[in-house]
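Morning, everyone. Please have the sequence and the structure open while I talk.

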Amino acid sequence: LVRGIQLAVVVAAARQVAQDRGREVHTYIYPRNLVAHRDRLTDAGFIGFRGARPGTGRGLTARAGTLLSELNVFQKADPPGSDPAEIPAGHFFNWRAGLRRRIPPVVTRARWKAMLNDASRSDRVCHLWLHPHNLIGDGGTFDVLRSVLREAALLREAGKLDIMTQYAYLESR
């Protein structure tokens, strides 16, 4: 886990980068999604953090599990977090590289459409996240993402889905 002193250094660096760019930082994503030392985030002025999905980690079993989850076209959205400062962990958008390239785009689209529709019918959260660098030389990731975002926009335009930042999500609770 991230040690308290390491977290303090990371938090200070994040704040400095944001300040240098004229921005404010309100939410935090733990490196490797290893949630720890939450009290220090509050002390540093953060209002929330992205939670971690149970069973995630660094081992081969965890990696195989996340790869297999990409095939679940019946995936449900997440319930709201029980801790007011926790943003539901959400799901990583399939980066079409390595073994993940073998997952057909139609499956990725169907999975996200299922989550978006579930969120639009219930009090649940469809939290999509990715690493922006995964869109560079992406093997089609950007095109699939564009089609999923189009689905989300259609639900928003129909008044069935709210699209918001992590900060707005926390403010809405």
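**A walk through the chain**

Start with Thr108. Leaving out residues up to four places away in sequence, Thr108 touches Phe93, Asn94, Ile103 and Val144. Touching, or contact, means heavy atoms within 4.5 Å. Thr108 is found in helix α4. Buried or exposed? Thr108 has 2% relative accessibility, so Thr108 counts as buried. Here are the cut-offs: buried means under 20% relative accessible area, exposed means over 50%, and partly exposed is in between, with a 1.4 Å probe and protein chains only. Asn72 is 36 residues away from Thr108 in sequence, and their C-alpha atoms are 8.7 Å apart in space.

A word on the source. This is a predicted model, where local features need pLDDT of at least 70 and side-chain atom pairs count only at pLDDT 80 or more, while totals for chains, interfaces and linings use all residues. Residues are numbered from 1 along each chain as its sequence is written, and side-chain values use heavy atoms, with hydrogens and water left out.

Now the whole chain. How many helices and strands does the protein chain have? Six helices and five strands. Both are DSSP runs, numbered from the N terminus: helices are H or I with at least four residues, strands are E with at least two. From the N terminus on, the order is α-β-α-β-α-β-β-α-β-α-α.

Next, overall size. The C-alpha atoms fill a box of roughly 45 × 40 × 30 Å along the principal axes. Of the 173 residues, 34% are buried. Take the contacts with a separation of 6 or more: 66% of them are between residues 24 or more positions apart.

What about the surface? The protein chain exposes about 10,700 Å², and carbon and sulfur atoms supply 56% of that area. The areas come from the Shrake-Rupley method with a 1.4 Å probe; for residues, only the protein chains shown count as cover.

On to charge. The protein chain has 26 positive and 16 negative side chains, and the centres of the two sets lie 8 Å apart. Lys and Arg count as positive, Asp and Glu as negative; His and the chain ends are not counted. Each charge is placed at NZ of Lys, CZ of Arg, CG of Asp or CD of Glu.

Side chains of opposite charge can pair when their charged atoms come close. A salt bridge here is a side-chain nitrogen of Lys or Arg within 4 Å of a carboxyl oxygen of Asp or Glu. By this rule the count is four.

Which residue does Glu70 meet at 2.9 Å, N to O? Arg100, in a salt bridge. Glu70 lies in the loop between α3 (60-69) and β3 (86-87), and Arg100 in the loop between β4 (91-92) and α4 (105-121), so the pair ties together parts 30 residues apart in sequence. Glu70 is buried, at 2% relative accessibility. Arg100 is buried as well, at 16%.

Glu70 also forms a salt bridge with Arg111, at 3.3 Å, N to O. Arg111 sits in helix α4 and Glu70 in the loop between α3 and β3, 41 residues apart, and the pair links distant parts of the chain. Put together, Glu70, Arg100 and Arg111 are linked in a network of salt bridges.

Another salt bridge joins Arg124 and Asp118, with the closest N and O atoms 3.0 Å apart. Arg124 is partly exposed, at 31% relative accessible area. Asp118 is buried, at 8%.

Now a backbone detail. Most residues other than glycine have a negative phi. His37 has a positive phi, near 50°. Where is His37? In the loop between β1 (27-28) and α2 (38-43).

Last stop, Leu170. Leu170 lies in helix α6, residues 166-171. Leu170 is buried, at 9% relative accessibility. Arg102 is 68 residues from Leu170 along the chain, and their C-alpha atoms are separated by 36 Å.
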